[in-house]
Amino acid sequence: MPYYRRIGEIPPKRHTQFRQPDGSLYAEELMGVEGFSSDSSLLYHRFLPTAITGSDVFTPPQPLTREANLPLKPRHLSTHKLDVDGADPILGRQHLLANEDCRISYAVADRPSPLYRNAIGDECVYVESGSARVETSFGALEIGQGDYLIVPTSTTHRIVPTGDAPLRTLVVEATGHITPPKRYLSVRGQLLEHAPYCERDIRGPEEPLLVDGEDVEVLVQHRIRGGIGWTKFTYANHPFDVVGWDGHLYPWVFNIADFEPITGRVHQPPPVHQTFEGPNFVICSFVPRKVDYHELAIPVPYNHHNVDSDEVLFYTGGNYEARKGSGIGQGSISLHPSGFTHGPQPGAAERAIGIDYFDELAVMVDTFRPLDLCDAGLRCEDPGYAWTWARKSG
Ligand SMILES: [Fe+2]
């Protein structure tokens with residue numbers, strides 16, 4: 001994250017003696033990205049963070065499968081058809097779409113996840129509904145509807161649903177790091193005045209989280225040649241043993257309701273909605289907003305062919321004006337791939353004239369490499385979507 005945070009007890013000088021009440025040294029750990037050349041944090045553990053007593057291959061319950069979008073078609077995935085009983089927010093992730101840069105999944109969860117970390121890249125967890133407590137070695141975070149949770153690579157954590165309703169999440173697992181867009185950051189990492197959100201909108205851990213325990217299992221999703229591997233480590237002591245840390249690297253939360261929309265007299269292009277960037281993809285937020293106010297404006301998008309991108313939209317609230325008549329509803333995902341010109345459904349442009357406010361909420365993921373369809377994506381696909389632009393408008 002672009003700004004410094006300091007939690008719990010730390011010594012005044014880094015890499016110096018810092019002793020526990022019994023006189024022994026705390027174990028200092030530097031966790032950083034890009035080989036000591038970018039953001040990092042220094043954490044102080046009660047026990048050695050290196051002490052493992054077991055390492056076993058783990059088989060996830062929902063292994064990743066990928067099938068090319070062939071023949072090429074726009075797709076509509078109805079994630080709410082995927083409802084399942086008895087899943088957790090991490091192993092219950094049902095993969096929808098994937099490429100080399102990111103994997104997009106949906107989870108409906110009612111029970112705590114195991115301890116887990118993703119050594120392949122950062123994760124962006126968007127909460128469609130429900131609530132949870134996210135316990136990490138940096139401290140705990142409460143998340144709820146509309147929150148984007150960014151979990152840095154290799155952050156040991158677990159997600160514990162809270163409340164009566166299940167936790168519904170759309171998850172983007174990156175092969176690399178997820179950050180605010182560079183154009184919104186000063187050279188020293190401050191969010192600039194024209195950014196649609198600022199540091200005050202960001203939540204981070206407030207205090208250390210200490211848990212006692214021995215022989216604690218942690219699942220690790222990690223890189224292997226040609227793909228993804230899973231290993232179950234057993235740690236001699238509970239990894240939530242950090243009494244303090246400071247730095248720029250930590251899990252954080254931003255709520256979509258705090259995204260300040262950028263609007264104009266005529267239609268603004270999708271980059272104004274950009275919220276995060278990842279390796280070869282962007283994440284954008286379409287929020288309720290006043291729309292185009294030129295006297296002859298057409299508020300819905302023009303047909304467009306963004307030739308280098310596959311566009312994924314997750315419809316998570318309100319009415320999505322441009323998609324009326326297509327079958328798109330709450331929890332739907334549209335995939336508009338490169339090689340296909342997409343645009344509003346028939347009649348949407350005429351219907352939108354004179355409208356001055358869109359009550360819509362959607363999360364968009366634009367990838368620069370083509371997305372494959374995963375098993376769960378194919379299971380919840382609406383096969384008629386590709387032909388909906390050819391229907392007569394009603
Ligand atoms: Fe689009």
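Of the 394 residues of the chain, 54% count as buried (under 20% relative accessible area, with exposed over 50% and partly exposed in between; 1.4 Å probe, protein chains only). The model is predicted, so local features need pLDDT of at least 70 and side-chain atom pairs pLDDT 80 or more, while totals for chains, interfaces and linings use all residues. Residues are numbered from 1 along each chain as its sequence is written, and side-chain values use heavy atoms, without hydrogens and water.

**Exercise 1.** Determine whether the radius of gyration agrees with that of a compact globule.

*Solution.* Step 1: the radius is taken over C-alpha atoms, and the globule rule is 2.2 Å times the number of residues to the power 0.38. Step 2: for 394 residues the rule gives a value near 21 Å. Step 3: the chain has 22 Å, which agrees. Step 4: the C-alpha trace spans about 75 × 45 × 40 Å along its principal axes.

**Exercise 2.** Describe the secondary structure and the share of contacts between residues 24 or more positions apart.

*Solution.* Step 1: the chain holds two helices and 27 strands (DSSP runs numbered from the N terminus: helices H or I, at least four residues; strands E, at least two). Step 2: among contacts (heavy atoms within 4.5 Å) with a separation of 6 or more, 76% join residues 24 or more positions apart.

**Exercise 3.** Identify the protein donors of the iron ion and place its two histidines in the chain.

*Solution.* Step 1: donors are N, O and S atoms within 2.8 Å of the metal (3.2 Å for Na, K and Ca); water is not among the atoms, so sites may look incomplete. Step 2: His304 (NE2), Glu311 (OE) and His342 (NE2) lie 2.0 to 2.1 Å from the iron ion. Step 3: their sequence spacing is H-x6-E-x30-H.

**Exercise 4.** Locate His15 and Asn280, which have positive phi although neither is a glycine, and classify their exposure.

*Solution.* Step 1: His15, with phi of about 60 degrees, is in the loop between β1 (5-8) and β2 (27-32). Step 2: its relative accessible area is 53%, so His15 is exposed. Step 3: Asn280, with phi of about 65 degrees, lies in the loop between β20 (274-278) and β21 (281-286). Step 4: at 36%, Asn280 is partly exposed.
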